[in-house]
Amino acid sequence: MKKTFRQIGEYSLVRYSNHKESTIETPKELSSHYLSKEVHDELMDMGDEEFIEECKEYLSTTRKFEEKNLDLSQEIAQTLNIGIVTCGNCGKVNLHKFGEDITCQSCGYETDEPSDCPDLFN
Ligand SMILES: [Zn+2]
């Protein structure tokens with residue numbers, strides 16, 4: 001499934017052909033960071049040192065956004081009993097009431113297993 005791959009030191013940049021998006025991964029942290037095509041292409045064209053600096057910068061800013069999103073999504077979950085999840089089949093974002101089956105509004109995928117559809121901001 002991997003279309004392109006670049007690794008320098010602990011930083012790797014992977015583009016998955018089935019997502020049309022890219023991820024930066026580090027061995028320490030297995031969470032993925034989605035990149036736009038423009039950012040991906042910029043990173044693929046950079047020299048090694050610049051690539052590492054950009055990866056560090058990108059990871060530090062996305063982490064801040066993710067923490068804020070995580071806080072707010074937990075507030076929504078706690079006050080409204082609604083989760084923000086991604087479809088285990090097509091990856092689209094869905095809202096769902098806790099305790100009810102999840103049905104993807106994009107592809108129709110149905111499941112009663114919450115772990116099939118991971119939280120968007122976790
Ligand atoms: Zn779906």
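Me: How many of the 33 residues of α2 are buried?
Reply: Two, so the helix is hardly covered. This is a predicted model, to be clear.

Me: How far does α2 reach from its first C-alpha to its last?
Reply: α2 reaches 46 Å over its 33 residues. That is close to the 48 Å expected at 1.5 Å a residue.

Me: What happens just after α2?
Reply: Asn 81 follows, with a positive phi of about 60 degrees. Asn 81 sits in the loop between α2 (48-80) and β5 (82-86).

Me: Is Asn 81 buried or exposed?
Reply: Asn 81 is exposed, because 12 other C-beta atoms lie within 10 Å, and the cut-off for exposed is 12 or fewer.

Me: OK, on to β5. Which strand does β5 pair with, and in what sense?
Reply: β5 pairs with β6 (residues 93-97) in the antiparallel sense, over five bridges. Within that pairing, Gly 83 stands opposite His 96 in β6.

Me: How many residues lie between β5 and β6?
Reply: Six, and the two strands form a hairpin. Gly 91, in the turn, has a positive phi of about 85 degrees.

Me: Changing topic: where is Pro 114?
Reply: Pro 114 is in the segment after β8 (110-111).

Me: And what is the C-alpha separation of Pro 114 and Phe 98?
Reply: 8.9 Å, with the two residues 16 apart along the chain.

Me: How exposed is Pro 114?
Reply: Partly exposed, because Pro 114 has 16 other C-beta atoms within 10 Å. A residue needs 20 or more to count as buried, and 12 or fewer to count as exposed, so 16 falls in between.

Me: Back to the whole chain. How many helices and strands are there?
Reply: The protein has two helices and eight strands. Read from the N terminus, the order is β-β-β-β-α-α-β-β-β-β.

Me: What share of the 122 residues counts as buried?
Reply: 13% of them.

Me: Last one: among contacts between residues at least 6 apart in sequence, what share joins residues at least 24 apart?
Reply: 31% of those contacts.

Methods. Residues are numbered from 1 along each chain as its sequence is written. This is a predicted model: local features need pLDDT of at least 70, side-chain atom pairs count only at pLDDT 80 or more; totals for chains, interfaces and linings use all residues. Helices (H or I, at least four residues) and strands (E, at least two) are DSSP runs, numbered from the N terminus. The expected span of a helix is 1.5 Å times one less than its number of residues. Two strands pair if DSSP finds at least two bridges between them. Two residues are in contact if their C-beta atoms, placed from the backbone, lie within 7 Å.
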